[in-house]
Amino acid sequence: MKKITLSRKEFLKLTGVATAGSVIGACAPAAVPAAAVEAPPATSVPAATSVPAATSAPEATAVSPTAVPEPVAIRLTIPADPGVVDPTANWVYEVADSQWVTLVKYDYVKNEVLPAGAVSWSVSADNLIWTFNIRKDWKWSDGQPVTAKDYEYSFQEIVNPATACPASWRLSIIKNADDVNKGDKPVSDLGVKAVDDYTLTIELTNPAAWFLSSLSSIGHAVPRLTREKFGADWTKPENVVVNGPYKVTEWIIDSEVTLSKNPSYYDAATVQIDKVILYVVTSESTAMAMYENGEIDTVMVPTTDIDRVRQVNSLKDQFASAPMMRVNFYRFYVLKPPFDDLLVRKAFAAAVDRDTLISQVTRGNEVPAYTMTPPGCVGHVPRSDGVGIPFDPKVAVQYLTDAGYPGGKGLPALVLGYNASETNARVAQAIQKMWKDYLGVEVTLKAHEGAGYMAAVQSGAMNIVRAGWGMDYPDANNTYGELFASQVSDKGILELPELDELIAEAAVESDLGKRKTLYKQIETMFIQDNAGVIPLYWAATNTVTKPFLNRPNDPNFLMEFRTWTVNNN
Amino acid sequence: MKPNSGLWRDAFKRLAKNKLAVSGAVIIFFLVLVAIMAPLIAPRHYSDADFAAVYSPPGALYPLGADFLGRDLLSRLIYGTRISLQVGVLGALSAFSIGILYGTISGYFGGNLDNVMMRIVDILYAFPDLLFVILLMVTFKSGYGGEEAAKNPLVLGLVAIDKQLGGMMFILIGISVTSWVGMARMSRGMALSLREREFVQAAKAQGAHDFTIMARHLMPNLVGPLLVSVTLAVPGYIGTEAFLSFIGLGVDPPTPSWGAMVADGYQAMRSYPHLAIFPGLALAIVMLSFNFLGDGLRDALDPKIKQ
Amino acid sequence: MIGYVVRRMLWAVPVCFVISVITFGLMHSIPGNPFDKMDKPLPAQVLKQLMAHYQLDKPVYMQYLQYIGNALQGNLGPSYQYMNRTVNEIIAGSFPKSIVLGIMGVAVALIIGVPLGIVAAVRHNTAMDYLSMFIALIGVSVPAMTMAWILIWVFALKLGILPVARWGSVQQAILPVFTLGVGGAAILARLTRASLLQVLREDYIRAARAKGVTEWIVIVRHALRNALIPVVTVLGPLTAGMLTGSLVVERIFAIPGLGKYFVESVNVRDYPVIMGTTLLYALVLVAANLLVDITYYWIDPRIKMSKN
């Protein structure tokens, strides 16, 4: 039986409201939601009941105001050990994103930038200098105040060649960033300056309308002293200092990571999940089985199980699907025949039946994509605008005939490449069949495993390759400016000078309406008129979650635990 | 002196009495027939995809159900016989031939040649063949270094053959490279003991060439035990191919190999069990058949068994 | 005997050397580098920095010499994929779990397989024999990945008495160890049975029986010793088989062992980890084979050692 100590004042206040029942409630020992019990044994959750919340939230839901609530702990899986979580040294995933905070955050529903580390900001008249006012009264977990100097240090470290951060190119719009990164200039020359303790300025080389939203996923403030003191070990649970909603309190490599709520986070009051336990489980079917066995509280549903989950009574109410800012597409290698010919490209693009692909092959509730930039991002073109090459087999056959290959005859041997994964294999086989059925063309498939894939793609050995692009930030500049513009695009991607001009213009244009129009023109030019790539679909997150837990699924595929809530009905 | 042909006749008689071995042999024979006649007996081609039938359970149209692309499982199993048998038999043949030659030469000549040859074998034996196979498969499948290598005629030739075989050739190479070692060791051991026997000494005294002795006197005596060994090793090769498919280094899709089908299907076991059960059964049956046959051969060739 | 052991152990040195050369060479012949992520190829300058940082821009033989030099001093290098960990740390962290899993697997194989085979041989051609062999056959023909899922489905999902995955408690160890060991148990059962049957037909056994020795003593004191020789011989390859099996088992049951590094490192071109795991497994196999040979010699002194 728990002992609750109340101060005299609280007791007097509460006796007016509480009844004997609430005292009993306060003393009830096991009366806590199953969520709060860390890693319960498997037997306790009967899978058969379909009444929401009944299985896991017994009488403790009537937790009286006098009781100190039990810490809410949830368990889930991640596919691999987090590795290097220093946000200035590596790509950022959940463990890093939960511990340190960027200058701003992004609201995908309203498409607006929200304050995070910075409470307000402004840009100079020439759109080159951004000024951020850093939040005051915000402390690191070791008690030191978080200041603009921390942000200055963090940006410097990202471009610092000594850190060798693979994401450093994200900041190349900042003045001197590239020179610093190459080692030609000292780190202090970077155009990020802490004017005073709570004001940060960032100077760009060119105006960039997308810059603000891109800061929602890069530029996390890291603690300089801790980092310098411990070196690479600074992120270990015994050393780490954080300013975000969570802090790593336990880390067993390859096995599990525990994130505990950080009380010094400025918004700690809104964080409902006190503890997040991440188990490292590579196989998604194993993770699914663990969920069904009650060993974890939420999981991504593997494609093979989606149909079953949607039919089984005990699971279908727990299922949720939400689109992700991730586009899957096929790229043409245009430097050699036959895809140097626009008509041939159009033919192949028009012979892809996305609806069938999604409903019967991928079956993951994906959204068919006829343009590149996913929904939720600035520059996304709604389907209703009709941009893109629709599925039309007759037109496809006509294109091919017009190109000089009637019925598909005369085409050289074609290879379709993809990086090995179950889904990619399926999609490739399905599309291979579509091209055979609708165009009469036989394409050979080639699977590559992981690391060698990029090299193989650039070598031009394959005519069409599968590609995926997860948006780094919710703006079309991430797809066009950083993927398809000629200066940065991979070898083999279609290059169009007029497109480059439009992309450059859209990058600096500050009027939102004009930007959207420009991106519509860009998508029309690149995809519809010139068939540079074939967008296939935007991915979706398909999850099942235990009824006591609310898991909002952002298009941003990072899980943000601070936004997850618990049902107290 | 040739090995007693009576030995073989007796062995055959004994084998024929062993019901399990006979059933194994019959099944293998049946599978070989299926493999040869696959295009004639399969209801559909193995890559015929019907998207409306994706994941269908066994029924009238699809007797064993359909897979994730709507392809008929029965047809894929039938065609898959070819792959499994090719991997098993060709792997076994190459292991057998290389092994018996290598081991006999080493054991017969003895001395320094034997030392060197066996050291090489020891080193290869210690090599984790799994990793070697993985490294090989990754090398083969990863595009051979881009443009320069892609122009190399040898590479191009190998790639073309591989494509013809549906991605199987490199698996065969991978398996063969690592599997002859055991056979070599065994042959060498037996050659060592046999060369001291009278019939060999007699042949030598008569002035026979070394190679003649090896070919006519030693190797035929080795065939029996090696045959047993090889037959029993076939399930291992088939299993290796399944394992490679499990980690993604198996045949290229859409080539149907039972191992790949099991590897694909095991994840769907909870939702669509037919995808894992039928290929699993097929694999089990073929492995069992070779095991039974191998056991039977061993018993049949064992001179101590009194029947 | 001691001389034999010492000589075999010394042989491990050139063996590992050759293995290291072959692996290193093959590794570097594969195109690709450890740093490109799948969707986003690194900008050339970042790539150059990273390659120089890890000295991957030097000629292959120089890299090899550097690697060997470090390795001989006990430093197996950093991991390219897990950039804040060294290979030594990775191995130290995950190898023990694989070893435990493997040893337990071999133990299960021995504890279940050998007695099953003995019983089957002694009760030759009875129901017991057929039952044991039937069980053994299932073990041989059902691959680990299928067996794992059947066990998970029965014991975790349907009966709910065991957890699905992960490693740490006794309950979590049951399913993976059993999955791993069952294949080996089947092999050992069949082998023990065949071998014991063969030995029981020998003349000296008939002689012992004729002298009136009780059957049980005949089996245990006279027959088993010789019957177990092939079993011992096969322990070497069996251990190797455990290594293969553990890759599958570790993945399905989410066990943080060395297996996943083994395969994954090749895929992501993490050269030091590839080298480290290969050499480690090679050493394990060499050691296992050496143990087997020593046991072989000890059991049957009639075996002559090789004449060099």
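Let's start with Asp114(B): leaving aside residues up to four places away in sequence, Asp114(B) touches Ser106(B), Gly107(B) and Arg188(B), where contact means heavy atoms within 4.5 Å. Asp114(B) sits in helix α5 of chain B; helices here are DSSP runs of H or I with at least four residues, numbered from the N terminus. Is Asp114(B) buried or exposed? Asp114(B) is buried, at a relative accessible area of 6%, with buried meaning under 20%, computed with a 1.4 Å probe on protein chains only.

A quick word on the ground rules. This is a predicted model, so to speak of local features we need pLDDT of at least 70, and side-chain atom pairs count only at pLDDT 80 or more, while totals for chains, interfaces and linings use all residues. Residues are numbered from 1 along each chain as its sequence is written, chains are lettered from A and ligands numbered from 1 in the order in which they are written, and side-chain values use heavy atoms, with hydrogens and water left out.

Now, chain B against chain C. Here 36 residues of chain B meet 44 residues of chain C. About 3900 Å² is buried between chain B and chain C, 75% of it from carbon and sulfur atoms; buried area is the accessible area (1.4 Å probe) lost by two parts on being put together, summed over both. How many salt bridges are there between chain B and chain C? The rule finds one, taking a side-chain nitrogen of Lys or Arg within 4 Å of a carboxyl oxygen of Asp or Glu. Asp295(B) and Arg190(C) form a salt bridge, at 2.2 Å from N to O. On the chain B side, helix α5 (111–126) is one of the elements that each supply at least two residues to the contact with chain C. That side of chain B has 25 nonpolar, five polar and six charged residues; Ala, Val, Leu, Ile, Met, Phe, Trp, Tyr, Cys and Pro count as nonpolar, Asp, Glu, Lys and Arg as charged, and the others, Gly among them, as polar.

Over to chain C and chain A. This contact draws 37 residues from chain C and 45 residues from chain A. Together they bury about 3600 Å², with 57% on carbon and sulfur atoms. What is the salt bridge count between chain C and chain A? The count is four. In a salt bridge between Arg166(C) and Glu256(A), the closest N and O atoms are 3.0 Å apart. The side of chain C that touches chain A divides into 21 nonpolar, seven polar and nine charged residues.

Conventions:
Buried < 20%, exposed > 50% of the residue type's maximum accessible area, 1.4 Å probe, protein only.
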